[in-house]
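Subject: Structure handover

Hello,

Here is the structure I promised to pass on. Please open it alongside this note.

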Amino acid sequence: MSDGQMPRKITYEADLDPHFAEEIAASARGEQLFQCIQCGTCGGACPVSPYMDLTPRRIIAMTRAGYKAEVLKSHTIWLCASCYACTVACPKAVRITDVMYALKQRAIRDGVYPKRFPVPVLAREFFQGVLTTGRNNELPLLIKMYLKTNIFKMLGQAVMGLRLFLTGRIGLKQERIAARRGEKGDLRTIMAAVDRGAPAKGGPSQ
Amino acid sequence: MTYLYYPGCSLKGTGRGYEESLLAVFDALQLPWAEVKDWNCCGATAYMAVDEVKAFTLAARNLAIAREQGGETAQVIAPCSACYLVLCKAQHVIHDAPEIGARITDALGAAQLTYGPRVQVRHPLDVLINDVGTERLAAAATAPLRGRRVACYYGCQMVRPYATFDDQYAPTSMDRVLRAMGAETVDWPLKTRCCGGTLTGTIEDVGLRLNYILLREAKKRGADAIATACPLCQFNLECYQDKISAVYGASRLPVLYFSQFMGMALGLSEARLGIQRNFVPLAAAV
Amino acid sequence: MATLGPNQGDAVRIGVYICHCGINIAGKVDVADVTQFAASLPGVVVARDYKFMCSDPGQELIQQDIREHGLNRIVVASCSPLMHEATFRRAAAEGGINPFFFQMANIREHVSWVTADKAAATEKSRALVAAAVSRVGGHEALERQRVAVKPDVLVVGGGIAGIHAALTLADSGKTVYLVEREPTIGGHMAKFDKTFPTLDCAACILTPKMSLVRQHPNITLWTYAEVADVSGYVGNFSVTVRRKPRYVIEDRCVGCNACVEACVFKEGKFADEFNYGLAKRKPVYMPFPQATPSVVLIDPATCLHFKTGKCKQACKAACERDAIDFDQRDELVEIEVGAIVVATGFQPFDAERVPEYGYGQYPGVYTSLEVERLVNASGPTGGEITLRDGRVPKAVGIIHCVGSRDHATNKYCSRVCCMYSLKLAHLVKERTGAEIYNFYIDMRTPGKGYEEFYDKLLEEGVHFIRGRAAEVTDWTMTPDEEGKLVIRAEDTLIGAVRRIPVDMVVLSVGLEAQADAGEVRRLFNISCSHEGWFLERHPKLAPVSTFTDGVFLAGACQGPKDIPDTVAQAGAAAAEAMALIDKGYVELEPNTAFIDEERCSGCKTCIAMCPYSAISFIADARVARVNEALCKGCGTCVAACPSAAAQQHLFTDDQIFDEIAGVLSYV
Ligand SMILES: Cc1cc2nc3c(=O)[nH]c(=O)nc-3n(C[C@H](O)[C@H](O)[C@H](O)COP(=O)(O)OP(=O)(O)OC[C@H]3O[C@@H](n4cnc5c(N)ncnc54)[C@H](O)[C@@H]3O)c2cc1C
Ligand code: SF4
Ligand code: SF4
């Protein structure tokens, strides 16, 4: 595009994924996705929409039309703060927040999220951490996230980190649940059982 | 009946002041409580972004433990908005989507736990308003918060979309509680506008801007402090104030948990309420 | 033409006709096979199949066979009785036999349309034909009763629908009773200044019709009145009307307003209902200057006399015609009518149910109806558009679809709001020069001259933002937002979120069924859709009839509609009522219930069960008796009677057993 070539804006049907909408609707438990009338209430209600590359409304429309690559790549799904402002305001009862979750899960699964964009990294690290200890340990989590994305940003947070430490709001001790492997209430046993119960192919738990 | 206190991770970490003050208030009001045994993280928003069923399973494990500990209709108190939402949402999904529900209950069964569908998930403000009532609160306020003008900030996940104890658009429970404790509360339209959650940590400029808007408007409406009911809201609104001032030049505003304000009105010491942990000091009331 | 009666000693001679219905039936059912099978059944003299039995040649076939083969029973296997039972009964009658010596077998809706397998469809058709043939032999000859029709008509509701229906009926010579529950007729239209799309002055076109109603010799107008009770049936309704006390003798009052001026309250003090509280009235008041009838009323809730008993009654003293009467009471009037037109209209959606828009919270937020009053030359501001704080707005936002197209309030589209929003945009811009922003989801302008009206507004420079407004708040981000209300919405055509500061917000509230639609529905024994709109008999072919014969619908009580459609429908309802009355009689279906008085034990079970109150208890004989004119043939009493004394024509036990035997004989 740099050397004078005009960007092509037309979409051919072959560029689209005809099953994408149904897959997302199923994983968001929301057939209402198809009821969207593109009114834009979601975008109007969303506190983060001014920063989104695609408004929530466009995410819904593009998901429905099968713009899989564009939707999964978009910053919008990672900017979504899960505040449910859109969901309660939508006149057609589309559960937009849950659609955003379904898209995040799909992006992580397909590995197409923006690589140095910290939200998916945070989500994945958090997921792993909780899976191991049953608790979220804020300090190690943040350190890992900054290491993986932008190490310089961590320096900027150092002052705050110190203050949190000094006021006793952040500690070095690893929190973990008591139930050990194989014991009653053990988290690994439970999660393994969830995996065993997963639908054969391509379900949200892989 | 004993309330089962589900702290969630934040109330043991950045939100320690919330735990300290809330439990102190419960004790002062003689509300019996016990911590949910060997609870685990609720999964919060991040977990749901990776695997929804596992996120609900995490939540359900806590409800199963609560059931064992407090019986079929045990009452779980979830002070953190994210925990409150996730526990409520898991209950809704397990009820509304039987295939997912079966997978989760089976998985819990594998670790000898039984899911508790009738366990009630409640927010402390729900308990204070509906079980205690503003009259009893007012009577207990030995050191009423006269002269304080507080902007009650509810944030998002506590009122949307599952809470039934308060209005989604114009909630009043926190205002009523703090008014009963003698404070004046300011009316402002951003009570439920999201603080951005983890965005301060991930996409900082957006997170800062969202919190700046909240701080600015609270101040404009004449508030001399903000009261919150969520550890993440408190963290965002308070701990980032230096950065917000650096970008927007805004002046400072103390941000306390509503329970810290309540504890003050009940005559409890600042140390018991964890107020010394706050970054922005609360000036003496005028 | 001689008709064969029962017990004539003649052998039963049946003709069976299997219809192809083009390929609707023949595509799935082997009609030749079914015909052959029918021919083999006992009593069947001829059996034929034919492409379209309902066509003229099809009917002629039946008549010819009756003549040539001496048939005395007919079976047609075709579509649903709802579709063509009447057609074939008529064909049988014209062929010379009693129309009830006929039975229909439904092999389309019940078979060919719902069966995948051809063999199975053919088998089921055989079974149904066998059942019909088995039962039709036992049919009795029945006669339709004729009942004379009362010549007068009741119209309920005096909006533009009721007014138009009443005038049309009265002009044709009918005596009309018009009952309106407010103190004046006119309905919502009386509140408007201009009407879309022509912008003609509402008063200029409505007020003359209102006074015509008042003066028409054939119309009795009762305002401030309600229908208290309705009994009877098509052509013969008895109606009780309750006239509420207005504490003013209507015949004496000339509307001079001397009492209003004299009232001890020097200024209006109470929210004026007609102006939605934008103006104040006294306890004695005229609803609005063109109120019809031009008669004042006293509101006991605010009148000092009623509240304290201590008023000096300045109004009474001021009235030269001695029209004020503090002792008036409810008055009940009984009338007999042949037909009823229900025209009770709509209620506007309550904007406080959408808290995001701040109605009732921010004084700058108005409903569309309030703005109709503000732009009205005879409204509270004399047509000046000023805000509650006296300012003239420089920017106005009009939010469409408030309480429409929303799962949380009303799912349907209210049909008129886009157009009236355009009208208000034009009027407000014309009067104030303000910038106007319309927030719409879809612009719906289907109607004669409607799209052209939209074009005109576009030309006038009104802004259109395609996006449903998310919120109206008073917090600000920029200096130009200070002191304003800010509407936040996604401009979906641009794909950006916008914040638009305005001085005035107009909420285009939707139309809802009246709050008391449920009670009115029961009163007139008609049905409601789940939203509360009165249900027409058929959405296309019987749009003004109801499931209760003799009760017709006009205007917005049947669903949201604008004035042109309302008037058209009111004319249609009037014409239907006239057709009924001018015919002079009604024929009643003979499929009514009857009580075998020998068997009746007088337990009265049936009396309580009958939904149409058609059964009464004859005290001397100690038996129940059915009024055939009231019975709708629902069969409830037949099923309920513990002594099997209640039976129903066309559905006697013997006939039903014959039918079952027919099916079983096949199996
Ligand atoms: C803001 C607004 C602007 C509009 N502008 C236009 C326009 O410019 N052009 C246009 O074509 N349409 C317009 N409309 C639509 C128009 O109002 C309706 O089409 C019209 O009013 C319908 O007339 P109606 O007689 O069926 O109902 P209504 O006008 O509602 O009249 C019903 C009457 O029945 C009476 N009534 C109700 N219940 C009972 C009862 N139980 N017993 C006795 N009486 C009863 C009521 O008091 C009322 O007088 C507008 C609507 C709104 C909300
Ligand atoms: S608010 Fe609902 S209907 Fe409107 S654009 Fe968003 S998802 Fe679609
Ligand atoms: S849930 Fe996400 S998309 Fe919806 S309003 Fe909140 S931040 Fe925006």
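My notes on it follow.

This is a predicted model, in which local features need pLDDT of at least 70, side-chain atom pairs count only at pLDDT 80 or more, and totals for chains, interfaces and linings use all residues. Residues are numbered from 1 along each chain as its sequence is written, chains are lettered from A and ligands numbered from 1 in the order in which they are written, and side-chain values use heavy atoms, with hydrogens and water left out.

Chain A

Chain A has 11 helices and 0 strands. Helices here are DSSP runs of H or I with at least four residues, strands are E runs of at least two, and both are numbered from the N terminus. Of the 206 residues in chain A, 53% are buried. Buried means under 20% relative accessible area, exposed means over 50%, and partly exposed lies in between (1.4 Å probe, protein chains only). Take the contacts in chain A with a separation of 6 or more: 61% of them join residues 24 or more positions apart. A contact means heavy atoms within 4.5 Å. Chain A exposes about 9900 Å², and carbon and sulfur atoms supply 58% of that area. Accessible areas come from the Shrake-Rupley method with a 1.4 Å probe; for residues, only the protein chains shown count as cover.

One residue to look at is A:A89. It sits in helix α6 (residues 85-89) of chain A. A:A89 counts as buried, at 7% relative accessibility. Leaving out residues up to four places away in sequence, A:A89 touches A:T41, A:A45, B:Y169 and C:R468. From A:A89 to A:G44 is 45 residues in sequence and 9.5 Å in space, C-alpha to C-alpha.

Chain B

Chain B holds an open sheet of 4 strands, in the order β6-β5-β7-β8, with parallel pairing. Two strands pair if DSSP finds at least two bridges between them. β6 (184-185) and β8 (255-257) of chain B stand at the edges with a single partner strand each, so one side of each has no neighbour in the sheet. Strand β7 (residues 225-228) of chain B runs parallel to β8(B), joined by 3 bridges. One pairing to find is B:I226 with its bridge partner B:V255 in β8(B).

Cysteines

Over all chains the count is 1 disulfide. The rule asks for a pair of cysteine sulfur atoms within 2.5 Å. C:C201 and C:C204 form the disulfide, with sulfur atoms 2.2 Å apart. The torsion about their S-S bond is about 90 degrees, so the disulfide is right-handed. C:C201 is partly exposed, at 22% relative accessibility.

B:C156 is buried, with a relative accessible area of 11%. B:C194 is buried too, with 2%.

Ligand 1

There are 36 residues around ligand 1, and C:E180, C:H188, C:K423, C:K561 and C:I563 come nearest. A residue is near if one of its heavy atoms lies within 4 Å. A polar side-chain atom of C:H188 is 2.8 Å from an oxygen atom of ligand 1. A backbone N or O atom of C:F346 lies 3.3 Å from an oxygen atom of the ligand. The protein covers 97% of the 1000 Å² of accessible area that ligand 1 has on its own.

Best wishes

Note on methods. Polar contact = N/O pair within 3.5 Å; in protein donor to acceptor, adjacent residues only side chain to side chain.
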